[in-house]
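Hi,

Here is the structure I promised to pass on.

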Amino acid sequence: MRQMLRHATAAAVLGAALTSTAQAEELVVGAFGGSFADNVKACHVAAFEKATGATVSLKLGNSSQFAAALRATAGKPDMDIVYIDNSLAAQTANEKLNDKIDRAKLKNATDVIPTAWGKDDAYVVAMVSATTLVYNPKLVKATPTSWLDLADPAYAGKYAIGDISGTSGLQFLLALNKLKGGTLDNIDPGIEAIKPIAKGSAVLYTQADQLLSLFERGEIAIAPWYPDRAGVAMDKGLSLAVAYPKEGAVGILPAVVLPKGSTKTELAYKFLDQVLSAEGQGCFSERAYIGAVNTKVKLSDKLKSIVPNGESLEKAWFIDPDVIAKNSATWTRRWQREVAR
Amino acid sequence: MMSRRQGLLLVAPLLLVLAGFFLVPVLMLLPTSFGVYEPGAGLVKGAWSLKNYTQIVTDDYYREVIWRTLGLGFSVTLICLLLGYPLAYLIARGPERWRVPLILLVIFPMLLNLVVRSFGWIALLANRGLINNLLMQLGLIAAPVKLLFNFVGLFIGLTHIYLPFMVLMLVAAIRNVPRDVESAAATLGSSRAHVFMAVTLPLSAPGILAGSILVFVLTISALVTPRMLGGPTYQVMATLIYDEYMQLLDWPSGSALSFALTFMAVAIIWLSSRLTRRWAGMA
């Protein structure tokens with residue numbers, strides 16, 4: 001009898017647990033991994049869960065994986081809201097996979113800089129970063145001032161550039177191309193200029209954090225990298241500094257899209273509102289060393305030395321995401337055949 | 001003797017699973033492989049093209065990757081066979097008490113995750129890895145030898161990972177060779193080497209064939225190890241297909257490459273089993 005009672009209690013507890021999880025609605029959020037996901041949890045997820053009682057499950061991946069997933073599940077997405085690079089947000093918008101964002105449903109929409117909104121409100125840029133030069137001040141005496149400093153013989157074999165599959169690889173190629181007189185319609189000068197640089201690179205990195213160990217062991221002194229990753233690494237004690245080349249850094253605009261066909265639209269809007277809020281943006285900026293799109297956010301002095309702002313932001317080159325989306329496949333194929341071969 | 005119907009019933013569950021979860025999805029890819037992809041805009045509805053297939057032949061980059069993949073497949077299979085046969089022979093014919101420890105030794109690496117094993121090779125083969133550091137400290141080389149992101153790295157890594165499959169197949173085959181046939185050959189005056197070459201080796205041909213096919217197919221379709229040890233620059237078919245799908249979002253081109261890979265694998269398996277059967281006198 002006692003045994004039976006125990007079983008019954010266990011069953012009841014289990015049943016209650018099951019129903020309570022079924023009641024709490026779950027929002028699936030696509031986000032980039034590593035420290036990005038940690039910051040999403042701390043700045044966006046926590047406040048959202050507290051306010052709505054819903055739970056968030058993060059699905060980790062990179063922008064092109066998310067674009068592929070949205071296409072594969074067209075109309076029946078397995079994510080309700082997705083962080084994605086703006087060029088791929090433009091791609092999924094062209095494939096009609098994004099829901100138009102209704103600004104009226106967002107309390108914080110009016111605080112967001114107007115340029116953050118994508119064409120037809122198909123996406124909204126949520127943060128501002130860049131590809132710029134990151135160096136180890138112990139090994140690099142004079143602050144680098146140009147992209148071309150990378151090719152300085154003093155750093156022969158002591159630098160690394162990104163593979164074109166990552167944002168920094170593509171953006172460094174385009175920056176070099178512009179510097180050498182190329183245009184977005186003709187990247188021949190860039191390809192020619194990057195060939196020897198790629199050959200001499202310690203590694204063509206495919207994951208941003210691959211550079212951590214290379215910087216740590218002193219294997220590289222300088223690299224085109226991201227100020228946000230560098231800032232987080234500095235917090236962990238790495239000897240690094242960020243320099244903005246005089247030709248201008250290349251802007252990176254991680255955006256947010258609401259996939260078409262999601263059944264949790266209302267919750268997704270609430271989550272997006274938290275992402276765009278001054279509090280959510282400020283928290284993310286501080287933790288992730290990334291620029292905000294909410295005008296009410298004020299950057300601390302420490303952040304100002306790392307994050308693109310003021311002059312470095314004005315000089316930064318923001319490439320039309322549609323042009324990137326249309327050409328990145330062609331550029332990647334050329335890279336595979338002419339640069340990385 | 002089992003009737004045809006009984007036999008069919010026995011394999012029916014497997015056939016259903018294969019048809020539902022392998023054949024149908026693969027066939028669904030077929031229309032995609034003739035599709036047209038417009039970068040930035042997605043798949044063009046209603047458009048058809050043979051370009052995805054013709055470019056595999058005409059583009060010398062694709063050709064290079066195909067030859068590299070096949071070259072890796074053949075060399076890894078060959079070295080697995082050369083390294084695996086003596087070991088398998090020892091396990092099958094050696095002292096009884098060695099058998100279990102040796103088999104455990106062969107199986108043990110398979111218990112470790114593929115990513116961990118590949119990562120281990122990165123630690124060993126990198127420019128500042130264990131092997132290069134050791135050689136440099138011994139003064140044998142001045143600058144690091146490039147062992148990663150090229151043929152050598154993939155060859156070493158894939159051989160290590162697929163050798164167990166070859167050994168296990170060979171052990172079973174060698175144990176199936178009837179000993180009295182060997183004894184008969186010896187009685188009739190064959191030397192030990194001749195017995196091995198004329199009797200044991202041909203009679204273990206089914207195992208050699210099965211092991212080789214397994215290792216070859218696994219090698220040319222491997223994704224994780226080539227990606228990790230080959231990096232972004234040293235591409236094989238599998239990593240190329242992955243990139244076409246996941247990075248360039250060009251699904252038609254990726255599907256066409258997948259079919260090309262499948263076709264090559266099937267053709268080579270068919271050819272090699274015919275050749276082996278002739279050699280082993282099974283035809």
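Start with helix H4 of chain A: H4(A) lies across strand S3 (81-85), S4 and S11 of chain A, running at about 120 degrees to S3(A). Some terms before you go on: helices (H or I, at least four residues) and strands (E, at least two) are DSSP runs, numbered from the N terminus. Axes are lines fitted to C-alpha atoms, for helices over the stretch in contact, and angles run from 0 to 180 degrees between N-to-C directions. Two residues are in contact if their C-beta atoms, placed from the backbone, lie within 7 Å.

Do keep in mind that this is a predicted model: local features need pLDDT of at least 70, side-chain atom pairs count only at pLDDT 80 or more, and totals for chains, interfaces and linings use all residues. Residues are numbered from 1 along each chain as its sequence is written, while chains are lettered from A and ligands numbered from 1 in the order in which they are written.

**The sheet beside the helix**

S3, S4 and S11 sit in an open sheet of five strands in chain A, with mixed pairing and the order S2-S1-S3-S11-S4. Two strands count as paired if DSSP finds at least two bridges between them. Which strands are at the edges? Strand S2 (55-60) and strand S4 (124-125) of chain A, each of which pairs on one side only. S4(A) is joined by two bridges to strand S11 (residues 254-257) of chain A, and the two run antiparallel. Look for A:Val124, whose bridge partner in S11(A) is A:Val256.

Now find strand S5 of chain A. S5(A) is mostly covered, with nine of its nine residues buried.

- S5(A) and S8(A) pair in the antiparallel sense over four bridges; in S8(A), A:Val134 has A:Ala223 as its bridge partner, and A:Leu133 has A:Pro224.
- With strand S9 (residues 241-243) of chain A, S5(A) pairs antiparallel over three bridges, and A:Tyr135 stands opposite A:Ala241 in S9(A).
- With strand S10 (residues 250-252) of chain A there are three bridges, also in the antiparallel sense; A:Ser129 stands opposite A:Ile252 there.
- Strand S12 (residues 291-292) of chain A is joined to S5(A) by two bridges and runs antiparallel to it, with A:Ala292 as the bridge partner of A:Met127.

Strand S8 (residues 222-225) of chain A is covered on both faces: A:Ile222 and A:Pro224 on one side, and A:Ala223 and A:Trp225 on the other, are all buried. In a regular strand the side chains alternate between the two faces of the sheet.

At the contact, 20 residues of domain 1 meet 18 residues of domain 2. On the domain 1 side, helix H4 (86-94) and strand S5 (127-135) of chain A each supply at least two residues, and H4(A) gives the most, with seven.

**The core, and chain B**

The largest nonpolar core has 160 residues, and those with the most contacts inside it include A:Ile81, A:Ile222, A:Val256 and B:Leu170. (A nonpolar core is a set of buried Ala, Val, Leu, Ile, Met, Phe, Trp, Tyr and Cys residues joined through C-beta atoms within 7 Å.) Helix H7 (residues 151-175) of chain B gives the most to this core, with 13 residues. Not counting residues up to four places away in sequence, B:Leu170 touches several residues, among them B:Tyr85, B:Ala88 and B:Ile208.

Chain B itself has 13 helices and two strands. Its C-alpha trace spans about 75 × 70 × 35 Å along the principal axes, and buried residues make up 30% of its 283 residues. The contact between the chains takes 15 residues from chain B and 23 residues from chain A.

Enjoy exploring!

Methods: A residue is buried if 20 or more other C-beta atoms lie within 10 Å of its own, exposed if 12 or fewer, and partly exposed in between; C-beta atoms are placed from the backbone.
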